[in-house]
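Please consult the sequence and the coordinates alongside each answer.

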Amino acid sequence: MKIGHVDVHQGVLLAPMEDVTDLPFRVICKRYGADIVYTEFISSDGLVRDARRSMEKLRLAEEEHPVAIQIFGGDEDVMVEAARRAEESGPDFVDINFGCWVKNVVVRNAGAALLKDPPRMQKLTRSIVDAVKKPVTVKTRLGWSRDSIVILDVARMIEDAGAAALTVHCRTRDMGHDGDADWSWIPKIKQVVNIPVILNGDVKTADDVVRAFAETGADAVMIGRAAIGNPFVFRQAHAALNGESAVSTSPRERIETCLEHLRLEIAHKPLRRAVHEFRKHYGGYLKGLPHNSPVRQDVVRYESYDEIAERMLKYADDLESVVAE
Ligand SMILES: Cc1cc2nc3c(=O)[nH]c(=O)nc-3n(C[C@H](O)[C@H](O)[C@H](O)COP(=O)(O)O)c2cc1C
């Protein structure tokens with residue numbers, strides 16, 4: 001199964017996540033084996049207005065391909081223009097967000113709001129497909145609410161509109177991120193469309209990846225929250241899919257990857273902003289390591305890379321000396 005020139009068979013993809021899947025994190029995930037990475041969603045209004053923060057999000061690195069730029073919005077003309085601008089940045093795909101559940105997005109008739117109007121979703125998709133040369137993909141949910149699941153109709157309609165792949169977050173809009181994702185819809189969707197179908201929702205471990213493929217016949221799976229502070233999940237997933245024994249991640253590798261991620265953030269944004277925005281990542285990188293809370297409490301107070309690196313590397317040394325004793 002291919003999306004444009006990219007073979008997605010049993011691919012393990014990094015989900016788009018606002019304030020998480022920026023360029024540095026995508027590069028790190030790619031290094032650990034993410035087969036396709038997605039930008040966080042970018043406001044079509046912001047792109048068309050040339051808003052600085054939206055334009056910044058279009059920047060891609062050479063080594064992160066294949067990469068999709070994801071856009072969202074409610075106005076067709078604005079979305080079409082934003083898709084053109086996104087394409088100029090050289091992604092492999094343009095992805096449309098029809099799944100965002102948050103209020104300030106859906107009140108603008110964007111994101112998951114389109115699940116209440118599948119014909120409009122289809123029209124918007126077709127207009128974008130017609131406007132750009134790159135493959136256009138769609139990410140959505142099962143429906144607006146548990147008693148209005150429309151994904152089978154939506155899948156047919158967006159395929160008919162020319163979309164090159166469909167990612168399904170297997171929850172409804174009213175679930176937000178709560179409750180279990182219902183993967184049982186994936187085989188049903190596979191029966192009604194021929195484009196690649198990407199499963200998303202509650203894929204947390206390498207075993208989940210193997211189970212998702214085996215249970216649903218999805219063409220690819222997409223990991224969101226479980227990759228935060230844990231890009232290693234992509235390496236583990238590929239090992240499990242290849243029947244290889246699990247590759248463990250040492251505390252030092254976790255800490256050095258965390259520092260490398262921080263260095264990339266500092267290279268990518270102003271120092272103060274990079275250091276502050278990075279604070280949400282320590283919890284993920286240090287998760288499960290013994291006595292990590294004093295380390296976290298220290299590093300979130302520091303303003304310089306050197307202080308953070310010194311504290312983190314000292315912690316890595318301490319952990320190794322405990323093991324050696
Ligand atoms: C912090 C955060 C930000 C997100 N931002 C986006 C986004 O920009 N675009 C999008 O399509 N989905 C977004 N999502 C949803 C994820 O892509 C994914 O569909 C959801 O987290 C379910 O997958 P998971 O169970 O693997 O986390 C976001 C989720 C989280 C937790």
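Q: Does Asp-50 count as buried or exposed, and with how many C-beta neighbours inside 10 Å?
A: This is a predicted model, in which local features need pLDDT of at least 70, side-chain atom pairs count only at pLDDT 80 or more, and totals for chains, interfaces and linings use all residues. Residues are numbered from 1 along each chain as its sequence is written. A residue is buried if 20 or more other C-beta atoms, placed from the backbone, lie within 10 Å of its own, exposed if 12 or fewer, and partly exposed in between. Asp-50 therefore counts as exposed, its C-beta neighbours inside 10 Å numbering 9.

Q: In which loop is Asp-50, and what is its phi?
A: Helices (H or I, at least four residues) and strands (E, at least two) are DSSP runs, numbered from the N terminus. Asp-50 has its place in the loop between α2 (44-48) and α3. Although Asp-50 is a residue other than glycine, its phi is positive, near 65 degrees.

Q: Which residues does the cis peptide bond join, and what is its omega?
A: Most peptide bonds are trans. Pro-66 lies in the loop between α3 (52-56) and β6 (67-72). The cis bond joins His-65 and Pro-66, with omega about -5 degrees.

Q: What covers the buried residues of α7?
A: Helix α7 spans residues 151-160, and its buried residues include Ile-151, Val-154 and Met-157. Gly-162, with a positive phi near 105 degrees, follows α7. The cover of the buried residues includes α6, β8 (136-141), β9 (165-169) and α8 (185-192).

Q: How far apart in space are Ala-237 and Val-12, C-alpha to C-alpha?
A: Ala-237, in helix α10 (residues 232-241), is buried because 30 other C-beta atoms lie within 10 Å. Two residues are in contact if their C-beta atoms, placed from the backbone, lie within 7 Å; leaving aside neighbours within four places in sequence, Ala-237 is in contact with Val-12, Ala-206 and Val-209. Ala-237 and Val-12 are 225 residues apart in sequence, but their C-alpha separation is 7.5 Å.

Q: At roughly what angle do the axes of α1 and α11 cross?
A: Axes are lines fitted to C-alpha atoms, for helices over the stretch in contact, with angles from 0 to 180 degrees between N-to-C directions. Among the residues that meet are Leu-23, Phe-25 and Ile-28 in α1 and His-261 and Leu-264 in α11. The axes of α1 (residues 23-31) and α11 (residues 251-268) come within 8 Å and cross at roughly 140 degrees.

Q: How many residues are in the largest nonpolar core?
A: A nonpolar core is a set of buried Ala, Val, Leu, Ile, Met, Phe, Trp, Tyr and Cys residues joined through C-beta atoms within 7 Å. Leu-13, Ile-71 and Leu-166 are among the members of the largest core that touch the most others. Apart from that core lies another, of 13 residues, including Val-275 and Tyr-282. The residues in the largest core number 87.

Q: What percentage of the 325 residues in the chain is buried?
A: The chain contains 15 helices and 11 strands. Its C-alpha atoms fill a box of roughly 65 × 45 × 35 Å along the principal axes. Buried residues make up 47%.
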